[in-house]
Amino acid sequence: MTDQSTMPKMLARLGELGLTNFAPYLMNRIMGRYNAAIRAEMAKLGLTTPKMRALAVLSVMDGLVIGQLAVHAIVEQSTLSRAIDALEADGMVRRAADEADSRMVWVFITEVGRTAFDALWPHMAGTYADLFAGIDPEEQRAFVATLQKIHANTGK
């Protein structure tokens with residue numbers, strides 16, 4: 001945590017900075033709008049945001065323990081466990097106990113889950129493209145690089 005005495009004066013009070021100049025506020029607003037934009041398509045597939053996030057992560061990093069999946073999906077572990085229960089009931093994921101440690105449970109995407117995610121992906125990609133409408137590709141790359149640095153600063 002940064003020592004508050006070393007913070008720039010502009011960060012002294014949120015009211016002085018303003019919500020629209022506070023990056024965490026903007027990131028949350030953007031993600032809220034992104035999720036809202038794909039919600040109808042998710043619902044058609046029987047998905048909620050936690051289910052979609054789990055499938056998205058598993059489509060790239062298949063075979064994670066629930067704790068790892070929760071971190072990558074950005075979902076509280078208890079919420080994710082319920083989402084995994086539902087995804088398993090729908091045949092979209094399967095669980096497997098760890099052979100060396102029965103307390104660990106691995107989660108894998110199934111073909112049904114991959115098909116559902118593949119059906120959702122064009123809507124997710126289109127909404128992602130909409131976020132960057134009118135933004136130069138080099139500026140977009142720089143923005144994503146900055147987000148990656150911020151992410152690294154969070155230690156996750």
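Which residues have the most contacts inside the largest nonpolar core? They are Leu55, Leu69, Leu80, Ile84 and Leu87, in a core of 27 residues. By nonpolar core I mean a set of buried Ala, Val, Leu, Ile, Met, Phe, Trp, Tyr and Cys residues joined through side-chain atoms within 4.5 Å. Buried is under 20% relative accessible area, exposed is over 50%, and partly exposed is in between, with a 1.4 Å probe and protein chains only.

Before going further, the ground rules. This is a predicted model, in which local features need pLDDT of at least 70 and side-chain atom pairs count only at pLDDT 80 or more, while totals for chains, interfaces and linings use all residues. Residues are numbered from 1 along each chain as its sequence is written, and side-chain values use heavy atoms, with hydrogens and water left out.

Back to the core, where Leu55, Leu69, Leu80, Ile84 and Leu87 have the most contacts. At least two of its residues come from each of α2, α3 (49-60), α4 (66-73), α5 (77-89), β3 (105-109) and α6. Helix α3 gives the most, six residues. The helices here are DSSP runs of H or I with at least four residues, the strands are runs of E with at least two, and both are numbered from the N terminus.

Take Leu87 as an example. Not counting residues up to four places away in sequence, Leu87 touches Leu47, Lys51, Ala54, Leu55, Met92 and Val93; contact means heavy atoms within 4.5 Å. Arg82 itself is exposed, at 53% relative accessibility.

Thr49 is in helix α3 and is buried, at 17% relative accessible area. Beyond its neighbours within four places in sequence, Thr49 is in contact with Asn35 and Met42.

Now the surface. Leu26, Ile30, Met31, Tyr128 and Leu131 make up a nonpolar patch with about 410 Å² of accessible area together. A patch takes residues with over 30% relative accessible area and no salt bridge, joining like charges within 9 Å and nonpolar side chains (Val, Leu, Ile, Met, Phe, Trp, Tyr) within 5 Å. The areas are from the Shrake-Rupley method with a 1.4 Å probe, and for residues only the protein chains shown count as cover. Helices α2 (23-44) and α6 (111-131) each supply at least two of the patch residues, and α2 has the largest share, three. Leu131, in α6, is partly exposed at 36%.

Last, the charges. How many salt bridges does the structure hold? There are five, counting a side-chain nitrogen of Lys or Arg within 4 Å of a carboxyl oxygen of Asp or Glu.

Lys44 pairs with Glu41, with the closest N and O atoms 3.1 Å apart. The two are about one helical turn apart, because they are three residues apart in helix α2. Arg95 and Asp85 form another salt bridge, at 2.2 Å from N to O. Arg95 is in strand β2 (residues 93-97) and Asp85 in helix α5, so this pair ties together parts ten residues apart in sequence. Both Arg95, at 27%, and Asp85, at 42%, are partly exposed. Asp85, Glu88 and Arg95 are linked in a salt-bridge network.
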